[in-house]
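Here is a short report on how two chains meet. Keep the structure in view as you read.

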Amino acid sequence: MTLLWIPLLSLLGSIISSMSGKLTRNQSTRLTLLMPIIALIMTISLAPTVFSGEVLRETFTWIPLLGIDIAFRLDGLALLFVFMILVIGILVIFYARFYVSSKDSLPKLFTYLMLFMTAMLGIVMSNNVIQLWFFWELTSISSFLLISYWWHKSEAREGAIMALAVTGAGGLALLAGLLLLGNIVGSYSLDVILASKELIQNHSWYEVTLVFILLGAFTKSAQFPFHFWLPHAMAAPTPVSAYLHSATMVKAGVFLLARFYPVLAGTDTWFILVSFTGLTTLLFAAYVALFKHDLKGLLAYSTISHLGLITMLFGLNSELAAVAAIFHIINHATFKASLFMATGIIDHETGTRDMRKINGMWRYMPYTATLAMVAAAAMAGVPLLNGFLSKEMFFAETLHQQLLGSMSWLIPVLATVAGAFAVAYSARFIHDVFFNGEPVNLPKQPKEAPRSMRLPIEILVALCLVVGIIPNFVVDDILSAASQATIGGQVPEYEVALWHGFNLPLLMSGIAVCGGLLLYSQRRFLFQFQASLPSLNAKKLFDKVVLAITTWCQVKVERIENGSLQRYLTLMFVVVLVFAGWPLFEMSQLGGQKELTPIDVFNAMGAALLIIGAISTVIWYSNRVVSLIMLSVVGLMASIAFTRFSAPDLALTQLTVEVVTIILLMLALFFLPQHSPRESSSARILRDLGISGALGIVVASICYALVTRPLDSISEFFLANAKTGGGGTNVVNVILVDFRGFDTLGEICVLGIAALGIYKLLINLPLLMPKSDSKGRPWAKERYPILLASISQSLLPLALLVSFYIFLRGHNLPGGGFIAGLVTAVAFILQYIAHGSNWIAQRLTINYRKIIATGVAIALFTGVGSWFFGKPFMKTWFDYFNIPLIGEIELASALIFDLGVYITVVGSTLMILASLGRLTTNEPKEEVSI
Amino acid sequence: MELLYASCIGVLVFCGVFLILRARTFPVVLGLTMFSYAVNLFLFSAGRLSLNKAAVLGYSSDYADPLPQALVLTAIVIGFAMTAFVVILAIRGRADLGTDHVDGYEVEKQLKVKKTRKAKKAKKVKS
C-alpha cells in the first residue's frame with residue numbers, strides 16, 4: 001500500500017487545503033505541508049530498496065478486460081522525480097505563504113498546487129501507460145488552474161488557455177502514441193512495454209508511434225516550435241512558475257523521453273527528431289533570453305533553452321549522454337527554482353520585473369542578491385556549482401558523437417555558442433539587476449525580504465553548492481539509480497567530478513564564459529540590432545489560428561445544426577431506415593418456421609380499434625383535444641393487447657400509466673394552443689408520409705420476422721429459480737425486484753430525476769394562462785363539481801386499500817410496486833382534479849421531493865443491506881413465518897425494495913402532475929410545498 | 001395473428017413518426033407517446049405471442065416469457081416520465097420563447113417580425 005499512498009497523500013493534501021479557508025494563513029500552510037512531508041518521509045524510507053536496484057510495484061486490477069489497471073511502480077528514475085516534486089513542492093508551498101498577498105486566497109493556491117503535485121506524482125509513478133496519460137492530462141488541467149490563479153487579469157487567462165490548448169493537444173497526440181504502443185506490445189503495462197524494445201523498433205508503426213509520443217513530450221517541455229506557451233504562462237504567481245518551470249510541468253516532457261528511452265531510443269529517427277529539436281530549442285531560446293527585459297521572461301526562455309539541452313542529450317543516442325541529461329534535470333531544477341523564487345522577492349519588494357528599471361539592488365537586498373547571484377552562476381555553468389558539472393558532461397558528449405559524419409564538429413561548436421549565450425543572459429541577470437547604477441522609477445522603495453521568504457532559496461542554493469563541490473557524496477546513489485532505470489541496462493562507467501584535468505570540454509567552458517561576457521559587454525549593439533529585426537508576436541499568431549479554427553467549426557456546425565427539430569429527426573429516421581432496412585433485403589425469407597396462430601374475432605376487433613384510433617389521431621391532429629382522445633383509445637387497446645397475450649402485469653401498468661399520461665397531456669393542453677395549424681407544404685407532407693410509411697413497413701417486417709421464429713429464451717432460468725431463489729411466484733415481479741433489481745434501481749432513479757427536472761422547469765414559469773377557451777368562452781364558474789368532489793373523496797380510502805393489496809400480493813400475483821404506486825397516484829390525482837391543489841395543500845403538506853428521495857434511499861439501502869450479511873449487493877432474503885390468526889406468510893427483503901419503488905413512483909408521478917396543476921389555480925398563491 | 005400484430009405495430013410506427021415530424025410541440029409529444037406504444041408492443045413480442053398461457057407459477061406448465069414483460073414494464077413507466085418531461089419542456093419553451101414551433105428558423109423569424117413590428121410602431125408614434 002505504500003506506493004499508492006504517495007500520490008494519495010498529496011491528493012488528500014489538496015482536499016484538506018481546500019477546506020482550510022477559515023483557518024489563519026499559517027495554520028493553512030502547516031496543514032497543507034503536512035501531507036507532502038509525510039509522503040517525503042515514506043519516499044526516503046523506500047529509497048534504499050530502490051538504490052539496491054529493485055523496482056517496487058503495486059497493482060490493483062480495475063478493468064482487466066481492457067488491460068487497464070491502477071498500477072504504481074517506483075524505480076530509480078521515478079524515485080528521482082518523486083524527490084524533486086516533493087522537495088521543491090514543499091519549498092514552494094512554504095515560499096508561497098509569504099509571497100501571496102492577503103488579498104488573494106491562499107487555500108485556493110494550495111489546493112491547485114497539491115492537485116498538480118498529485119498529477120505529477122501520478123505521471124512518474126504510473127506502471128500503466130493509460131493511467132500515465134490520465135495524470136498527464138491532470139497536469140494540463142491543474143496547470144491551467146494555477147496559471148489562471150489571478151483570473152481577473154486578462155493575460156493570466158489568456159496564458160492559461162494557451163498552455164492548456166498546446167499541452168492538451170500534445171496530450172491527445174500522446175494518447176494516440178501510447179495506444180499504438182500498447183497495440184504493438186499487446187499490453188498497456190509499462191513493465192511489459194519497457195521489455196519489448198526489439199518488437200517496437202522493428203514494427204512498421206514505430207515511426208508513427210514515436211512521432212506521436214514525441215509530440216506529447218515536446219509540447220509539454222516547450223520545445224521549439226511549441227515553446228511559445230511557456231513565456232505566456234509567466235502570468236502565473238511566481239511560486240507557481242518556480243514549481244511548474246523548474247521541477248515539474250516542463251520536466252514531465254523530458255521525463256517521458258527518459259521513461260521511453262529504453263524502447264524508443266537508439267534509432268536514426270529518434271536521433272534526428274530529438275537531438276535536432278533539442279539543439280534548435282537550445283540555441284534559439286538562449287539567444288532570445290538575452291533580449292528579454294522582463295526578469296521572468298528571461299528565466300522563461302532560459303528554461304526553454306535548458307530543456308532543449310536536456311532533450312538534445314537524450315537525442316544523442318549515447319548512454320553517457322543520457323546520464324548527463326538526468327544529471328542536468330536535477331541541477332536545472334535546483335538553480336531554476338531558486339532563481340524564480342529570488343525573482344519573486346525582487347518583484348515583491350520593488351513592484352516591477354523590468355530590468356531596465358531594477359538596477360543596483362545589491363545595496364538594498366544584499367542577502368537575496370548573493371543567493372540569486374550564486375544560482376545565476378550555476379545557470380551559467382561556473383565552476384564549483386552544479387550547473388558546471390552537467391554542462392561539462394554535455395560538452396564532452398557533443399565531442400564524442402559522429403552522427404553528422406564529416407560535419408560532426410558542428411555540434412560542439414553550436415553547443416559552445418549556446419553556452420556563451422547562457423553566460424551572457426546569466427551575466428545580465430546578475431549585473432543588470434544587482435549593479436549597473438541606480439534604480440529607475442521603482443513603484444516601491446526596495447528593501448530586504450523577510451527571513452522566511454529567503455529560507456527556501458537558501459536551501460536550494462546550498463544544494464547547488466554542495467552538488468557542485470562534492471557531487472559524489474550527494475547525488476551518486478540517486479543519479480546511478482535513475483540512470484540505470486533510464487538506460488534500462490548496465491550504466492556505463494562515468495565520473496562526476498569537479499576536476500578532470502585540462503581537456504577539450506574545459507576549453508569549451510572557458511570559451512563559453514569569455515564569449516558570454518564579451519557578448520554581454522556588447523549588449524547595446526545587440527539590443528539595437530534585435531530591435532531592428534521584425535518581431536513575430538506568437539500570441540497574436542496563436543489567437544489568429546484559434547479564431548480561424550473556431551470560426552470554421554462554427555460555420556460547419558451551423559450548417560448541420562440549424563435548430564430545426566424536424567430536420568434532425570428526419571436525418572435520424574432516414575439513418576435508422578437505412579440501417580434497419582438493409583439487412584431485411586439480405587434475408588431470403590421473412591417468415592420463420594413457427595406455426596402461425598389463427599386470428600379470432602376479439603383480436604381482429606381490437607386490432608381494428610387500435611388502427612382506427614391511431615389513424616384518427618393523425619387525421620385530426622390539428623384539433624388537439626380530439627387527437628388526444630383518439631390517442632387514449634390506442635393506449636387502451638395496447639393495454640388490452642397485453643391482457644390478451646398473457647401479460648397481466650403489463651396490462652395493469654399500461655392502464656394506469658395511460659390514465660396519468662392522458663390527464664397530464666390534457667393539463668398541458670391548457671397552457672398550449674388548442675389547435676395545430678396545418679402549415680406543412682404538400683411536398684413536405686408527402687416526404688414525411690414516405691419516411692414514416694417506410695419506417696412502419698420496416699418495423700412491421702422485423703416484428704413479423706421476429707414473432708414467427710421459434711423462441712430460444714434465457715427465461716427458463718428465471719422460471720426455474722423464481723420460487724426457490726427469489727421466493728415469489730410472479731416471475732415478472734421477481735425479475736424486477738430481485739434478478740434484475742439493479743436495473744430497477746436505475747430506473748426509479750431516472751423516474752426521480754425526470755420528476756425533479758420537471759419541478760425545476762416549472763419554477764418561475766412566466767404564465768401564459770388563457771382567460772377563456774379557444775373560442776372565447778369563459779371557463780365554467782363551477783371549478784370543482786360537487787358530485788365529483790364527494791365521490792372522489794369517498795373513493796380515496798378504497799383506492800388506497802386496493803393499491804395496498806396490489807402492492808402486497810405483487811410478489812406472487814400480478815401487481816407490485818410500480819402498479820400499486822401508479823394506482824395510488826391516480827387516486828390522489830383524482831383528489832387534485834376534484835378539489836384543486838390549494839384544497840389539498842391545506843389538508844396535506846407533502847414535500848414530494850423528499851418522498852422521491854426516501855423511495856430511492858429505501859431501495860438503495862435494501863440492496864446495500866445484504867452486504868451486512870456477507871451477501872452480494874441486492875441479494876434477496878426471504879422466509880416463511882407462522883403468525884397466529886393470519887396463518888403462514890412469507891416475508892422477503894424484496895418487499896422492502898418494492899416499497900422503495902412504490903414510494904418513488906407515487907412521489908414522482910404526483911410531483912409531475914401537482915407541479916403543473918398548481919399553475920392552473922388562479923387563486924392568490926400561497927406557500928404550497930411540492 | 002402474427003401478421004395482424006406486426007401490421008398494428010407498423011401502423012403505430014407510421015402514425016407516430018408522422019406526428020413526430022410535425023412542426024409544433026404538441027403533435028410531437030403525441031407522436032412520441034404513440035411511438036412508445038409501438039416500441040413497447042414490439043419489445044413485448046420478443047417473447048412471442050402467447051395466448052392463454054400462465055403468467056404466474058403454479059397455474060399451468062406452459063408459461064409466457066416473463067423477461068420481455070419485466071423489461072417492458074419498466075419501459076412503460078420510464079416512457080411516461082420522458083413524455084412528461086418533454087411536454088413540460090414544451091410548455092416552458094412556449095412560455096420563454098413565445099412559440100410552440102420546433103423549427104429553429106421559425107423562432108428567429110417570429111422574433112424578427114416582432115422586432116420590426118415594434119420598430120414600425122415606434123416610427124408611427126414618432127411621426
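## A salt bridge between the chains

Arg22(B) and Asp688(A) join their side chains in a salt bridge, at 2.2 Å from N to O. The term means a side-chain nitrogen of Lys or Arg within 4 Å of a carboxyl oxygen of Asp or Glu. Chain A and chain B share 2 salt bridges.

Helix H30 of chain A, residues 682-707, gives the largest share of the side of chain A that touches chain B: 15 residues. Helices are DSSP runs of H or I, at least four residues, numbered from the N terminus.

## About the model

This is a predicted model: local features need pLDDT of at least 70, side-chain atom pairs need 80 or more, and totals for chains, interfaces and linings use all residues. Residues are numbered from 1 along each chain as written, chains are lettered from A in the order written, and side-chain values use heavy atoms, without hydrogens and water.

## The interface

The contact takes in 111 residues of chain A and 82 residues of chain B. Contact means heavy atoms within 4.5 Å. About 8,900 Å² is buried between the two chains, and carbon and sulfur atoms give 78% of it. Buried area is the accessible area (1.4 Å probe) that two parts lose on being put together, summed over both.

## Annotated stretches of chain B

An unreviewed UniProt entry lists residues 6-21, 28-50 and 70-91 of chain B as "transmembrane region". Such annotations may be inferred rather than shown by experiment. Residues 6-21 of chain B are 94% helix, with end C-alpha atoms 22 Å apart. Residues 70-91 of chain B are 100% helix, and their end C-alpha atoms lie 32 Å apart.

Definitions and conventions:
Helix = DSSP H or I, 4+ residues; strand = E, 2+ residues; numbered from the N terminus.
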